[in-house]
Amino acid sequence: MSSTFSMDPGADQLAVRDWLHGFAADVIRPAAAEWDEREETPWPIIQEAAKLGIYSLDFYAQQYFDPSGVGIPIAMEELFWGDAGIGLAIVGTTLAAVAVLANGTDEQIGTWTPQMFGTPDDVKVAAFCSSEPDAGSDVGALRTRAVHDEAKDEWVLNGTKTWATNGGIAAVHVVVASVDPELGTRGHASFVVPPGTPGLSQGQKFKKHGIRASHTAEVVLDGVRVPGSCLLGGKEKLDERLARAREGVRRSGRGNAAMATFEASRPAVGAQAIGIARAAYEVALDYARTREQFGRPIIDNQGVAFQLADMRTRIDAARLLVWRASWMAVNNRPFEAAEGSMSKLYAGETAKFVTAQAMQILGGNGFTREYPVERMHRDSAIYSIFEGTSEIQRLVIARAISGMPIR
Ligand SMILES: Cc1cc2nc3c(=O)[nH]c(=O)nc-3n(C[C@H](O)[C@H](O)[C@H](O)COP(=O)(O)OP(=O)(O)OC[C@H]3O[C@@H](n4cnc5c(N)ncnc54)[C@H](O)[C@@H]3O)c2cc1C
């Protein structure tokens, strides 16, 4: 009988966890309130992370390929325990890097991913631009066009992207555009826009409810010309894909492959939400033990203690879902019940629940910026919106478990 099942992270994962926890506690957490107020990208902190190797392609690649599957979730949870806005400012680049890793050729990966991070002395960030004003949950509705100029072997991009994390301040932008609008999502392709390309500019920078240290902006593409080599995956592969789509042929498993990519990245976002939830829970537990009313600590009341019991239970349940999905992804297990979406859905909703409860436990103090749970509550709200809203996660799960085209 095999006894290989284990819930214990290995020594390597624990070492990474402790290292990142130290950085989150010593560098991120003390700076969180300041950068939240400033609503600016915390470049000095990204630079410090780069000097330590925490903001680097190598570090994320190591975690991504960690055979246990929990390298990325552990890293995300610790950084976001420090602060979600600064956490996203540090890891936002990985969204664009993953798009190149998933769709690019080896040469494209080798060329563009290092430029996304820059060097510790000259740090850069990258942006992934898919969403548009009329194409959020409905990605198929995107209008940004990419037209091939065959004479020059260049692609010309026109359109307006919105909600792009690091949009306009990035060195490298990855842009999803339609090359054949009649084919819907099957006519989409991804392009790298190299640093300094004329025609790409930042539109409105959004003032946000939470994660305010992370830059979010529109990106305007006005006659942006990129070389043919910037089409991720290459022209030959695109032409084959479009020909199949025009003939109405669906390569078996093709949809599943795209779904598997999304499913595999969602647990990482869930882990960020768990980091926020755990941080708020710890503040609330500590407060409940020390705050006295009616001559005893407020945690002596079951009403408060049970709240904390529920908070902790939901955090642990969310982490188990995230780790399961991450383990499945690294072991190529099929996501038959959309387990990646489940983990993101539950972790995102847990972060909102736990941070709201934490504010309640802190009473009036919880409602002020003197204590961090107010910021954590604001930060948590994005976790039921970006990377697929909670409703879209439910849609994906419902379709997966039923096999029905639920709308
Ligand atoms: C801070 C921030 C950072 C972001 N970063 C990026 C980024 O880096 N790159 C990027 O490309 N995008 C990014 N996004 C965009 C994000 O992914 C979208 O906001 C999200 O997908 C939702 O799209 P929407 O805002 O257009 O909402 P809509 O799609 O308009 O949805 C509005 C509401 O309707 C619901 N709804 C829509 N369709 C259905 C349906 N079929 N069934 C049930 N309910 C439905 C939604 O769940 C939601 O509650 C970011 C957004 C924010 C706010």
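In this structure, an N or O atom in the side chain of Thr389 sits 2.6 Å from an oxygen atom of the ligand, a polar contact in the sense of a pair of N or O atoms within 3.5 Å. Please note that this is a predicted model, where local features need pLDDT of at least 70, side-chain atom pairs count only at pLDDT 80 or more, and totals for chains, interfaces and linings use all residues. Residues are numbered from 1 along each chain as its sequence is written, and side-chain values use heavy atoms, with hydrogens and water left out.

**Ligand contacts**
- Glu391 also has a side-chain N or O atom 2.6 Å from an oxygen atom of the ligand.
- For Thr165, a polar side-chain atom lies 2.9 Å from a nitrogen atom of the ligand.
- On its own the ligand has 980 Å² of accessible area, and the protein covers 66% of this (Shrake-Rupley method, 1.4 Å probe).

**Ligand shell**
- The ligand has 20 residues around it, of which Ser131, Ser137, Trp163, Thr389 and Glu391 come nearest (a residue is near if one of its heavy atoms lies within 4 Å).
- At least two shell residues come from each of β5 (154–165) and α14 (390–402); these are DSSP runs, with helices (H or I) of at least four residues and strands (E) of at least two.
- By type, the shell holds 10 nonpolar, seven polar and three charged residues, with Gly counted as polar.

**Second largest pocket**
- Lining residues of the second largest pocket include Phe5, Met7, Trp323, Arg324 and Trp327; a pocket is an open set of points on a 1 Å grid over the protein atoms alone, where a 1.4 Å probe fits, with protein on both sides within 12 Å along at least five of seven lines, and lining residues have an atom within 4 Å of a point.
- The space in the second largest pocket is about 420 Å³, taken as that filled by probe spheres set on the points.
- Its lining divides into seven nonpolar, three polar and two charged residues.

Note on methods. A polar contact is a pair of N or O atoms within 3.5 Å; within protein, one must be able to donate a hydrogen and the other to accept it, and residues adjacent in sequence count only if both atoms are side-chain atoms.
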